[in-house]
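Try each task before you read its solution.

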Amino acid sequence: MKTITSLTVIAKEWFDKVNGNSYFSAQITVNNDHVIKIPFQYGYDRMYIQQTFNTLTDYGYECGRGWNIEQYCNENKIPHVFVKHEKCLQRDVKAWGNN
C-alpha cells in the first residue's frame with residue numbers, strides 16, 4: 001500500500017436545473033505531486049469526498065476503513081484540504097475531470 005503524506009481535493013459542481021440533479025468532477029493531489037482526476041459524474045453534497053476515498057483505494061493508497069478519508073487524515077495527522085466550487089458551468093465541470 002502507498003502512504004499518503006498530504007492530500008488536496010478540489011471539486012467543481014454543476015446543478016442541472018432542468019432535471020434537478022447535481023454533477024461533479026474533481027482533481028486529487030496526493031503527496032504534492034501525484035494528480036488523479038475524478039471524471040464528470042452524478043453526485044451532490046460531499047459525494048466527491050466519498051469518491052476520493054474510492055479512487056485513492058483503486059490507486060493503491062492506504063485510506064483506512066469505511067469511506068471517510070477526512071477522518072483518516074485527521075486521525076493520522078495528514079495535512080489535507082477539501083474544496084468544492086459550486087454553481088459551476090457544465091462545460092467547466094466536464095473539462096476539469098477530463099484534462
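The exercises below go from the whole chain to one residue, and the model they use is predicted.

**Exercise 1. Work out the order of helices and strands in the protein.**

Start by counting the elements: there are three helices and four strands.

**Exercise 2. Decide how compact the protein is for its length.**

First take the radius of gyration, which is 13 Å. Then compare: the globule rule gives 13 Å for 99 residues, so the protein is as compact as a globular protein of that length. For the extents, the C-alpha trace spans about 40 × 25 × 20 Å along its principal axes. Finally, look at the contacts with a separation of 6 or more: 53% of them join residues 24 or more positions apart.

**Exercise 3. Is Thr55 buried or exposed, and what does its side chain reach?**

Begin with its place, which is helix H1, residues 47-58. Now check the accessibility: Thr55 has a relative value of 8%, and because buried means under 20%, Thr55 counts as buried. In the protein as a whole, 37% of the 99 residues are buried. Then follow the side chain of Thr55, which reaches the backbone oxygen of Gln51 at 2.8 Å. Last, set aside neighbours within four places in sequence; Thr55 is then in contact with Ile28, Ile36 and Ile38.

**Exercise 4. Describe the surface and the charges of the protein.**

For the charges, count 11 positive and 10 negative; their mean positions lie 4 Å apart.

Conventions: Residues numbered from 1 in each chain as written. Predicted model: local features only at pLDDT ≥ 70, side-chain atom pairs only at ≥ 80, totals over all residues. Heavy atoms only, no water. Helix = DSSP H or I, 4+ residues; strand = E, 2+ residues; numbered from the N terminus. Buried < 20%, exposed > 50% of the residue type's maximum accessible area, 1.4 Å probe, protein only. Polar contact = N/O pair within 3.5 Å; in protein donor to acceptor, adjacent residues only side chain to side chain. Contact = heavy atoms within 4.5 Å. Rg over C-alpha atoms; globule rule 2.2 N^0.38 Å. Areas by Shrake-Rupley, 256 points an atom, 1.4 Å probe, with all protein chains shown as cover. Lys, Arg positive; Asp, Glu negative; His and termini not counted. Charge placed at Lys NZ, Arg CZ, Asp CG, Glu CD.
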